[in-house]
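Here is a briefing on the structure shown below.

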Amino acid sequence: MRLPNWLHKFASPPHFYRIAARIEPWMLWSGLAAIAVGAFGGLLLAPPDYQQGDAYRIIYFHVPAAYLAMQLYALMAIGSAIGLIWRMKLAYAIAAAAAPVGLAFTGLALATGMLWGKPMWGAYWSWGDARLTSVLVMFFLYLGYMLLHASLEERSTADRAAGILAVVGVVNLPIIKFSVEWWSSLHQGPTISRLAAPAITWDMLWPLLVMVAGSVLFSMAVTLTRARAEVLLRERSARWVRDAAEACA
Amino acid sequence: MRIGLAVLRNEFLIYFKKWIHIIVNIAFFIFSTSLFSLVAGLEQELLAEWGAGVIWVVALLSMLLAMPLLFQPDREDGTLDLMLLSAVDPAWLALAKAAANWCVFGLPLVLLSPLLGASYGLEGIALLVLPATLALGTPALILLAAVAAALTAGLRRGVGLLALLVLPLALPILLFGVRATELAADGFPAGAPLMMLGAFLLAALGLLPWAAGAALRATAN
């Protein structure tokens, strides 16, 4: 199977660099604005929960962080797979750029989850819980990816080796997703599902959706910035980079 | 396939020349498991409760200890590069090397585990279930570690990173292995976690040699 031509054109480093630089500020500012609106709606406008009171409001940070932790892992793994199969260098650069962002969101999801768990379950952490454990595994997979990438000196070797690790680690994604359904768990079941009506009132739901959308835009903007830096680093001896640097100077 | 068997035979010859590694591995396993009971000075019931967990964790660690032997020597003297240049599928190569490594470093742990289990006060059927969990779980662990060993083969002192890559993915195997033994010790049927371990092993046999082969190619000089 071959990749379509337009994708190859898009994936040429100078082209990607220009396009990314153009859409990045839009994503960043609209994302930050959505996060501000979502946080205002979630923390001040939404009604308190009948069981959890105001403590449930951490959901407005926990859910976007957990969602992005998984999405960015998927991005990293898909980028690595495209790199391994079609030898596309840009895909590797995007995978390497996504890893620290994903690690940060995984850490945020774990931290907010622990803060939420203390008042609700009476404990910050439970080792018997499959959802918590599988997310911790993802945290270490991100860490392993970054450490392996950093310790192999030649960049192309590092890209391929860390890419294989990312692809192998994909088995963990369905485990995270379905862990609350497969095992009895402290973690509550899914609130929002694509197929069923959400188990949450609209007043609470809209800030969450705005928050998720804003976080996606924000993380994409950050990933693009990092990917552009990766591209510059990798292409530093290429002519277009020198031309661009001279144009700046 | 035939070349895989030849590699297997060759690996055995090399391992038996380095017999000291095998002894070290077994001694590490026995001594580390006894360390837990020595320092804790636990009561007999507590020991029986902890036995399966301690034996499993130490088995995992002692196998990781032997993992640099899997590809590192062959990478350093260039044998691996020659093998990769030949027509052999690197997946077969990885599978044969992992199989030899398991026979030398994994199998002794399986055979010794009832003894150590008994020293921890495990009784009856649990003494059969514990080696069964190790027999199903350790080959899957070796295959998992083979991928990580292939990824880190080019690194000097890569064993720490290797462990960091293997441990998160090894978690389910460890959990189900300990769970089965605990169930058996408490007099419950242990079939379900044993079958999970078997499923892990089959999945690992089907997928991981291929990943390890790709990793060998990726990190070749």
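A residue is buried if 20 or more other C-beta atoms lie within 10 Å of its own, exposed if 12 or fewer, and partly exposed in between, with C-beta atoms placed from the backbone. With 12 C-beta neighbours inside 10 Å, Arg87(A) therefore counts as exposed. This is a predicted model, in which local features need pLDDT of at least 70, side-chain atom pairs count only at pLDDT 80 or more, and totals for chains, interfaces and linings use all residues. Residues are numbered from 1 along each chain as its sequence is written, while chains are lettered from A and ligands numbered from 1 in the order in which they are written.

**Chain A**

- Chain A holds nine helices and zero strands; helices (H or I, at least four residues) and strands (E, at least two) are DSSP runs, numbered from the N terminus.
- Its pattern along the sequence is α-α-α-α-α-α-α-α-α.
- A compact globule of 249 residues would have a radius of gyration near 18 Å, and the 20 Å of chain A agrees. That radius is taken over C-alpha atoms, and the globule rule is 2.2 Å times the number of residues to the power 0.38.
- The C-alpha atoms of chain A fill a box of roughly 60 × 35 × 35 Å along the principal axes.
- Of the 249 residues in chain A, 37% are buried.
- Among contacts in chain A with a separation of 6 or more, 76% are between residues 24 or more positions apart. Two residues are in contact if their C-beta atoms, placed from the backbone, lie within 7 Å.
- Arg87(A) sits in the loop between helix H3 (59–86) and helix H4 (89–121) of chain A.
- Phi of Arg87(A) is near 55 degrees, a positive value in a residue other than glycine.

**Chain B**

- Chain B has nine helices and zero strands.
- For 221 residues, the globule rule gives a radius of gyration near 17 Å; chain B has 18 Å, which agrees.
- The C-alpha trace of chain B spans about 55 × 35 × 30 Å along its principal axes.
- In chain B, 48% of the 221 residues count as buried.
- Contacts in chain B between residues at least 6 apart in sequence join residues at least 24 apart in 81% of cases.

- Helix H7 (residues 126–151) of chain B has 26 residues and should span 38 Å at 1.5 Å a residue; its end C-alpha atoms are 37 Å apart, which agrees. The expected span is 1.5 Å times one less than the number of residues.
- H7(B) has a kink of about 25 degrees at Gly137(B), shortly before the proline Pro139(B). The bend at a residue is the angle between axes fitted to the seven residues ending there and the seven starting there.
- Because 21 of its 26 residues are buried, H7(B) is largely enclosed by the rest of the structure.
- H9(B), with 29 residues, reaches 40 Å from its first C-alpha to its last, close to the expected 42 Å.
- H9(B) has a kink of about 35 degrees at Leu205(B), shortly before the proline Pro209(B).

**Core**

- The largest nonpolar core has 137 residues. Such a core is a set of buried Ala, Val, Leu, Ile, Met, Phe, Trp, Tyr and Cys residues joined through C-beta atoms within 7 Å.
- H7(B) gives the most to this core, with 17 residues.
- Leu144(B) is among the residues with the most contacts inside the core. Leaving aside neighbours within four places in sequence, Leu144(B) contacts Val166(B), Leu169(B), Ala170(B), Ala204(B) and Leu208(B).
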